[in-house]
Amino acid sequence: MRLTDLNSGRDIGANSLLLEFGEHRMVVDCGMHPKHVGKPSLPRLGLVEGTLDSIVLTHCHLDHLGSLPLLVRGNPRTRVLTSAANTLFVQRLLRNSLAVMGRQREELGVADLPLYTAADIERVEAALAAAPLNNPRRVGRGADEVELTFHRAGHVAGATGFLAVHRGIRTFVTGDVHFVPQRTVPGAEFPRTPADILIMECTRGATTTVPDASRAAEERRLLRGINRVIDRGGSVLIPAFAFGRMQELLMFLDEAAGRGELVDCPIFCSGLGLDLCDYLAEAAKRTRQLTFDRKVLDRLGIIALRKQYADPGRRPREAGIYLLSSGMLVEKTPAWRVAANILDHEESAVFFAGYCDPDSPGGQLIATPPGGDFEFKGLDHVAKVRAEVDRFHLSGHADREELVAFAKDLSPRHVVLTHGDPPAREWMKAALRDALPRAQVHDPEPGRPLDLA
Ligand SMILES: [Zn+2]
Ligand SMILES: [Zn+2]
């Protein structure tokens, strides 16, 4: 098997892999780099010359899905295999991405935006094919037939990893994976049977696993924090990804309210997250691959955040919980705008509940000392950070020790690292060489083919 990492750099970025099983050419994921705008955000699609025999989409986060319309435009007849749940999310998430690119064109004056059109999204929709879980499916023909079996990957609604068997060689691709159950999805259900090649994400390779920060303990700490801030008259902003994370947090708040442990206060959510609640509820009903019920919104009395934000620096008009996207407090998003009403006030708080890139506004806020300045470019406001800022370890990615244990169980001859920043890859390389002394551990150079016999 020959693998080419199509990502633009050795980071999380624009995830995409070209896998060549003999003559069978497959692309796994086709993401868009969240830190770049326009063409630099694309994977190296120029390296995918000639026809593609199959495309696999592991899940619908934009760092895996965002550039798929361009790949499908060049290969309109190639099927995009993915889980049944994912087929229901793709179009909504791509349409949002298209709208964001339209706004960026206006605001940043980037002429090559948007990178694709509504017609390209329609083409992706037409190419989608729902693959069963835990049930092999053959793609390709003759000697280069590949048998694909998809397995639940935890992580986020619809996420899958898969086993590809070609001429007896077994290749397992984790995609983004979480082994611990969440509320909307159970933990990964990966087979722990031997494989020859393991292609593995390593997001949390540089994150020390703190036993005390177990999910349940972190959730209790978050709940105590919310209650404390509301009780003292403040507001809590929880920045959250609209897809997956927001529904997880809604279910978490609903359970706490059901036990009588959540302070009574208004809860505001932003539009895309609420819209995606409908998509998750529909996917839960139709595919049974995840759990989400719209009744959660009614029970919590969720209020849609209206776009008329108050003046930056002034307190929110109504104290409450603001569960808003984006999770990394990206500029111009609802979470970022409401942060301009929160940060100056010592009774309020911003609680991060997921991964925050250090270069994102969220990462910068976490690094700002109390009393420091935080600038809202475009709002003409510099906040003095008096609000409480904290982060809670409720990641959707596997701990590094769990990944090493999984690799040991598969006992592969080759491990290929993907989806991690350089320090994460370094830790994983060292740990895997210890755990699997006979295996070759690869940190592939983007764009350079790697032959794995
Ligand atoms: Zn993901
Ligand atoms: Zn990812």
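Visitor: What does leucine 163 touch, not counting residues up to four places away in sequence?
Guide: This is a predicted model, and in it leucine 163 touches Thr149, Arg170 and Phe172. These count as contacts because the C-beta atoms, placed from the backbone, lie within 7 Å.

Visitor: Why does leucine 163 count as partly exposed?
Guide: Leucine 163 has 19 C-beta neighbours inside 10 Å. Buried takes 20 or more and exposed takes 12 or fewer, so a value in between is called partly exposed. With 19, leucine 163 therefore gets that label.

Visitor: What makes strand 9 mostly covered?
Guide: Strand 9 spans residues 160-166, and five of its seven residues are buried.

Visitor: How do you know that strand 8 and strand 9 pair, and in which sense do they run?
Guide: Strand 8 (residues 146-152) and strand 9 are joined by six bridges and run antiparallel. At least two bridges are needed, so the pair qualifies. Within it, phenylalanine 150 stands opposite phenylalanine 162 of strand 9.

Visitor: What joins strand 9 to strand 10?
Guide: Five bridges do, and strand 9 and strand 10 (residues 169-173) run antiparallel. One of the facing pairs is alanine 164 with its bridge partner threonine 171 in strand 10. Strand 9 and strand 10 form a hairpin with two residues between them, and arginine 167 in the turn has a positive phi of about 50°.

Visitor: How many strands are in the open sheet, and in what order?
Guide: Seven strands, in the order 6-5-4-3-2-1-22, with mixed pairing.

Visitor: What makes strand 6 and strand 22 edges?
Guide: Strand 6 (128-131) and strand 22 (450-451) each have a single partner strand, so one side of each is left without a neighbour in the sheet.

Visitor: How do you know that strand 4 and strand 5 pair?
Guide: Two bridges connect strand 4 (residues 54-56) with strand 5 (residues 80-83), in the parallel sense. The requirement is at least two, so the pairing counts. Isoleucine 55 has valine 80 of strand 5 as its bridge partner. Helix 3 (residues 84-108) packs on the sheet, touching strand 5 and strand 6, and its direction makes about 110° with that of strand 5.

Visitor: What does the domain assignment give for the protein chain?
Guide: The assignment gives domain 1 (2-207 + 396-451) and domain 2 (215-391). Their C-alpha centres lie 29 Å apart. In the contact between them, 19 residues of domain 1 meet 21 residues of domain 2. Helix 3 supplies the largest share of the domain 1 side, seven residues. That side divides into ten nonpolar, six polar and three charged residues.

Visitor: Why does the radius of gyration of the protein chain agree with a compact globule?
Guide: For 453 residues, a compact globule would have a radius of gyration near 22 Å, and the protein chain has 22 Å, so the values agree.

Visitor: Is aspartate 380 buried or exposed?
Guide: Aspartate 380 has 10 other C-beta atoms within 10 Å, so it is exposed; the cut-off for that label is 12 or fewer. Aspartate 380 lies in the loop between strand 17 (373-376) and strand 18 (381-384), and it has a positive phi of about 60° although it is not a glycine.

Visitor: And histidine 419, buried or exposed?
Guide: Histidine 419 has 26 other C-beta atoms within 10 Å and is therefore buried, given a threshold of 20 or more. Histidine 419 is found in the loop between strand 20 (414-418) and helix 12 (422-435), with a positive phi of about 55° although it is not a glycine.

Visitor: Which residues does a cis peptide bond with omega of about -10° join?
Guide: Leucine 113 and proline 114. Proline 114 lies in the loop between helix 3 and helix 4 (118-127). Another cis peptide bond, with omega of about 15°, joins serine 325 and serine 326.

Definitions and conventions
Residues numbered from 1 in each chain as written. Chains lettered and ligands numbered in written order. Predicted model: local features only at pLDDT ≥ 70, side-chain atom pairs only at ≥ 80, totals over all residues. Helix = DSSP H or I, 4+ residues; strand = E, 2+ residues; numbered from the N terminus. Contact = placed C-beta atoms within 7 Å. Axes fitted to C-alpha atoms, helices over the stretch in contact; angles between N-to-C directions. Rg over C-alpha atoms; globule rule 2.2 N^0.38 Å. Domains from an automatic or database assignment. Nonpolar A, V, L, I, M, F, W, Y, C, P; charged D, E, K, R; others polar.
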